[in-house]
Amino acid sequence: MKVNDVTTYEVEGPVAVVTLNSPPVNALSAAVRQGIADGLKMALEDDDVRAMVLICEGRTFFAGADITEFGKPTVDPSLRDLQLMVENAAKPVIATIHGTALGGGLELALVAHYRIAVPSAKCGLPEVNLGLLPGAGGTQRLPRIVGIPKALDLITSGAPVSAKAAKDMGLVDELAAEGHLRADAIAFANRVIDENRPLLKVRDRAEKLDEARGKPEIFADFRKANARRFRGFKAPEAIIRCIEATLEDKSFDEGMAFERALFIELQADSQSAAQRHIFFAERQAGKIVGIPADTPILPIRKVGVIGAGTMGGGIAMSFANAGIPVTLVDTSDDALSRGLRIIRGNYEATAKKGRMKAEDVDARMALLTGSVRMEDLSDCDLIIEAVFEQMEIKQEVFAKLDRIAKPGAILATNTSYLDLDEIASATSRPTSVVGLHFFSPAHVMKLLEVVRGKETRADIIATSMKLAKTLGKIGVLVGNAFGFVGNRILAARDAQANRLILEGATPEAVDKVLYDFGFPMGHFQMRDLVGLDVGWNREKSSSSTVREILNEMGRHGQKVGGGFYDYDESRNRKPSPVVQKVIEDFAAKQGIVRRELGDAEIRDRILYAMVNEGAKLLDEGIASRASDIDVILITGYGWPKYEGGPMFWADLQGMPQVIEKLNSLQAEYGDAFVPSPLIKRLASEGKGFRDA
Ligand code: 3H9
């Protein structure tokens, strides 16, 4: 029987089955909550029914509260009201889990009297990823089942656990056979009835909490061990405080009220708004503008990577991690065996840390074949070039590839700055050429800029975007321009940072401002880490910038013990008097008068230059959406997630403030701050980047 648009009610013997179907992920929207409440009421009022199974159709059990409802007035029944109804029901309710029981979805399952899941299901409380805490009792009930230490880990990481692990920790009572969830849940409900099992309430359990009583060091140690990971984020600390509250002299209901208060605080905070923005922005990035949804996806069964250096090696690992065989090509046996040795070393280090099984090291290595002959790439569906960043070399490689690659193969370049169309022009098939801009270390970094050349075919783009997902990365489609999106914005930051040190700020002062804003490291620290010689040309170097001079002095960065900073053997960094002298001499030669610069000026100049550059990229159509830029800066360049990316950050300041700042910066520091036409237009229309 239909209960409402998303709910049906059926009775099988003494068991009522309430089924929800609200695609795509059965988020707990108002209609879903109402359907569950009505279904439960029907089951309670039906004298023949003695237990109720709550189950979902589609790809998953409830994946959480409906995030799109946040910020809008609550429609009754609220999730908490619904939970009270379920928990206090006079007949046992069995939560029946497949897919992902997440957030409010798992919290609803936790008020059911029993939980059954298929082995492929996953359970988790991922609210922390949205700048929130589980606000429907998750912080109070989960510790009562799994204990304090595990609850701290699970809720602050947001990572889901498998159904098997959930069963082992008591989160799930029973595993169903895959594909037989409904039948097994009904059978389980019948057993509950026949055995007259009690109406178990998680809230009444205390034994797991007792294990942690008198051990306040659990929390202190946890905070200390995770200080770096949590830096800047408000939600993890709020979660820890809620879990601490389970041990304090508070009733369960007081604990719930405490959790509720902190949830409301976080929900209203700009950090959560930023993190929710990124959640949707990442999904939006996958929707390709101007390419029909039914564009065919080409099969990628075998991949070639040219260049066994750091970048090529990381790219090869990304494919091996996804189970796709790779032929790695370099010019000499030495370079190849060195590259493969480093890859094995990386895998072994991961296995040692327990993040991968030891036997998988060999399995992944077996997917990698080395060769010194480019001809061995003739059967590859996709070939990615990761050779030296110089146009002549790239063109040479592509001209050769054009002769070797099979018809229909995708030819990709990993260039970070060079003109894709110029590279493609070295081939007779520019429509098959695309940019796949991986970020270093390529097997770790989530971002993949997919660069569209002026002739790149639609199916090549659609396949590249799909490939990003296969590799577990976030693909963002960008246009062909110097540095594409990410590196062009980085170049705007670089220009300001370099100017600031000439005007009187030290590299440490610039770096501290960025670190305090939330970047994992400062600008010059990052430059040293990447290597100052990346993109530097010894022959053409003419002492025209501080960086060139440092390179000429052999200060190529951290790897040689000196760049903008000095490094000791343990790679600890300290300011370099030598570099300071280079900077001061160079400034004097340029006629720049040095002065004191405050943190606010450093911050404004760097951040507003980045925002303005982002707006120009939108104007030029190199970026399709403001939110794409945010995704790129967060996933590829360390912009703090809780600041939502440069365009979100600018929207928070408000467009009138952005334009006012740019105008005053322009008056003092020139052209870099001339507001982009888009910013002027948005400001005059009272709009923000979110409307662009
Ligand atoms: C919460 O529960 C708070 C409570 O503690 C307290 C309340 C009082 N709402 O990711 P996909 C959309 S907070 C609305 O591509 P997948 C998503 O935008 C919530 N919409 O699929 C996308 O839309 P579109 C805690 C949602 O198979 C579509 O569904 N829960 C929600 O790769 C497909 O998504 C979470 O944080 C939502 N909750 O992955 C879970 N979730 O098609 C968040 C998804 O228009 N969700 N959408 O682009 C996920 O992690 C993944 O979506 C999931 C599926 C693993 C479920």
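1. The model is a predicted one, in which local features need pLDDT of at least 70, side-chain atom pairs count only at pLDDT 80 or more, and totals for chains, interfaces and linings use all residues. Residues are numbered from 1 along each chain as its sequence is written, and side-chain values use heavy atoms, with hydrogens and water left out.

2. The ligand has 25 residues around it, of which Arg59, Glu107, Glu127, Arg283 and Lys287 come nearest; a residue counts as near if one of its heavy atoms lies within 4 Å of the molecule. By class, this shell holds 14 nonpolar, 5 polar and 6 charged residues, where Ala, Val, Leu, Ile, Met, Phe, Trp, Tyr, Cys and Pro count as nonpolar, Asp, Glu, Lys and Arg as charged, and the others, Gly among them, as polar.

3. Strand 6 (100-102), helix 3 (104-109) and helix 13 (270-285) each supply at least two residues of the shell, and helix 13 gives the most, with 3 residues. Helices (H or I, at least four residues) and strands (E, at least two) are DSSP runs, numbered from the N terminus.

4. An N or O atom in the side chain of arginine 59 is 2.4 Å from an oxygen atom of the ligand, while a polar backbone atom of glycine 104 is 2.8 Å from a ligand oxygen and a backbone N or O atom of glycine 135 lies 3.1 Å from one. The protein covers 73% of the 1,000 Å² of accessible area that the ligand has on its own, with areas taken from the Shrake-Rupley method with a 1.4 Å probe.

5. The domain assignment, which is automatic or from a database, gives domain 1 (2-265), domain 2 (303-481), domain 3 (505-589) and domain 4 (599-691). The centres of domain 1 and domain 2, taken over C-alpha atoms, are separated by 42 Å.

6. An open sheet of 8 strands has mixed pairing and the order 13-12-11-14-15-16-17-18, two strands being paired if DSSP finds at least two bridges between them. Strand 13 (368-371) and strand 18 (474-479) stand at the edges with a single partner strand each, so one side of each is left without a neighbour in the sheet. Strand 17 (residues 447-452) pairs with strand 18 in the parallel sense over 6 bridges.

7. The peptide bond from aspartate 76 to proline 77 is cis, with omega near -5°, and proline 77 sits in the loop between strand 4 (51-56) and helix 2 (79-87).

How values were computed
Polar contact = N/O pair within 3.5 Å; in protein donor to acceptor, adjacent residues only side chain to side chain.
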